[in-house]
Amino acid sequence: PPPPPPSFQAEDGIRDIHCSLVGSEMCIRDRLETLQTRLERSNADRERQYAQLRRIELDGAAAAATLEELRERLAQQEARRAEIDEQSSQTRARLGRERDALANQVRMSYLTGRQETIKLMLNQESPERLGRMMVYYDYLNRTRSRRIANVSRELDVLAELGVAADQVTRELAVLEAEQQRELEGLEKLRAERQVAVGALEETIESAQQEIDRLRAEEQRLTELVREINEVLAEFPVDSQEPFSASRGRLAWPIPGTVLSRFGQSRVGTQVRWQGVQVAAPAGTPVRSVYHGRVVFSDWLPGHGLLIIVDHGESYMSLYGHNEALLKESGDWVEPGEAIALVGDSGGQAQTALYFEIRRDGDPVDPQPWMSRAEPQR
């Protein structure tokens, strides 16, 4: 590719000075964001047909991420409501026991207490017994007072739980309304996406054009990885165990069915898959296969919503065609951490994850790196 224009070179010089002042973590975020900005400009200039699809799918990703957040909040509120209901049930049970005990004590006191006290006071033959009985009745009165106080406290707790339950119910109603609006917006964006994908397909008039398109998409990804490697040369990923030592021990990023394997022909063309495709329901969490730093989290023609994680030693893992991206460039991730949601972005015909492993920018077969030959469903 041609060298960047002078404006980019000047910007790079300014960023190098900035990096020396603010430190590597802030600097790498700036460099990665600048790289993505350059890529976005290039994509928009070269292929206008992708601009609309990119906008729609990025909007859809934002809506899907918001919807996922709303669902988590709904689940939390529903759990809180269940907790309040359980506390209310326990409080009512305690209140019932206290009321029964108090009622029994009052009834026994009424039946025996008044007569026995009068008899003792009139009976002057046993003053010791009178003293003991008065102490006993005083004890009963104090116990009764405590039970009355307990019942009063339980009533207050029950009232507070009722207020809390009403508040949670109102919040649930608001969240459900927001969820419904997000769902409607997401459906509208999906309909727009179908139109945009149809328009892209109409531009492909021959098998040769399809091959040219696939090769151009591969080239974009290769250029992107190369540029990322250049940026990351100054910011190596430190890990207690190198990525190369994890060969044969990695977990698949999602459970599902393998649709295409590394090296297979793509749609009967001479272009071959540089990774694997794994089919799974939309919204399935995509998990990082290893510790690393997110170095790309954006939309790329032919790969849709793409996230790339740098694992050090010039190894990267790539996850494409997502419905939503849960991490941003510069974020650190752990093995098994959710980084995206499965989708069909980038004009893909079905919901499936595209997964690659690269070393020094070149794709390698991911399967020997996995602990299982097939993803566990």
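**Salt bridges and ring pairs in a predicted model**

Let's begin with the charges: a search of the whole structure turns up four salt bridges. Keep in mind as you look around that this is a predicted model.

One of these bridges joins R261 to E374, with 2.5 Å between the closest N and O atoms. R261 lies in the loop between β1 and β2 (276-279) and E374 in the segment after β10, so this pair ties together parts that are 113 residues apart in sequence. R261 is partly exposed, at 27% relative accessible area, and E374 is partly exposed too, at 34%.

Another bridge runs between K327 and E337, whose closest N and O atoms are 2.6 Å apart. K327 belongs to the loop between β6 and β7 (332-333), while E337 belongs to the loop between β7 and β8 (338-342), ten residues apart. Is K327 buried or exposed? Its relative accessible area is 18%, and buried means under 20%, so K327 counts as buried. E337, with 25%, is partly exposed.

R249 and E241 also form a salt bridge, the closest N and O atoms being 2.6 Å apart. Here R249 is partly exposed with a relative accessible area of 49%, and E241 is partly exposed at 35%.

Now turn to the aromatic rings, which form six pairs in the structure. Take F243 and W369: their ring centres are 5.0 Å apart and their planes meet at 25 degrees, so the pair is stacked. Because F243 sits in the loop between α5 (207-232) and β1 (257-260) and W369 in the segment after β10 (362-364), the pair ties together parts 126 residues apart in sequence. Both F243 and W369 are buried.

Y319 and F355 make a tilted pair, 5.4 Å centre to centre with 40 degrees between the planes.

Ring pairs link W369 with F243, Y290 and Y315 into a cluster, and R247 lies over the face of W369, 5.4 Å from the ring centre. Elsewhere, the charged end of R266 sits over the ring of W273, 4.1 Å from its centre.

Finally, step back to the protein chain, which has five helices and ten strands. Of its 377 residues, 40% are buried. Among contacts between residues at least 6 apart in sequence, 73% join residues at least 24 apart.

Technical notes. Residues are numbered from 1 along each chain as its sequence is written. This is a predicted model: local features need pLDDT of at least 70, side-chain atom pairs count only at pLDDT 80 or more; totals for chains, interfaces and linings use all residues. Side-chain values use heavy atoms; hydrogens and water are left out. Helices (H or I, at least four residues) and strands (E, at least two) are DSSP runs, numbered from the N terminus. Buried means under 20% relative accessible area, exposed over 50%, partly exposed in between (1.4 Å probe, protein chains only). Contact means heavy atoms within 4.5 Å. Rings of Phe, Tyr and Trp (its six-membered ring) pair if their centres lie within 6.5 Å; planes under 30 degrees apart count as stacked, over 60 as edge-to-face and the rest as tilted. A charge sits over a ring if NZ of Lys or CZ of Arg is within 6 Å of the ring centre and within 35 degrees of the ring normal. A salt bridge is a side-chain nitrogen of Lys or Arg within 4 Å of a carboxyl oxygen of Asp or Glu.
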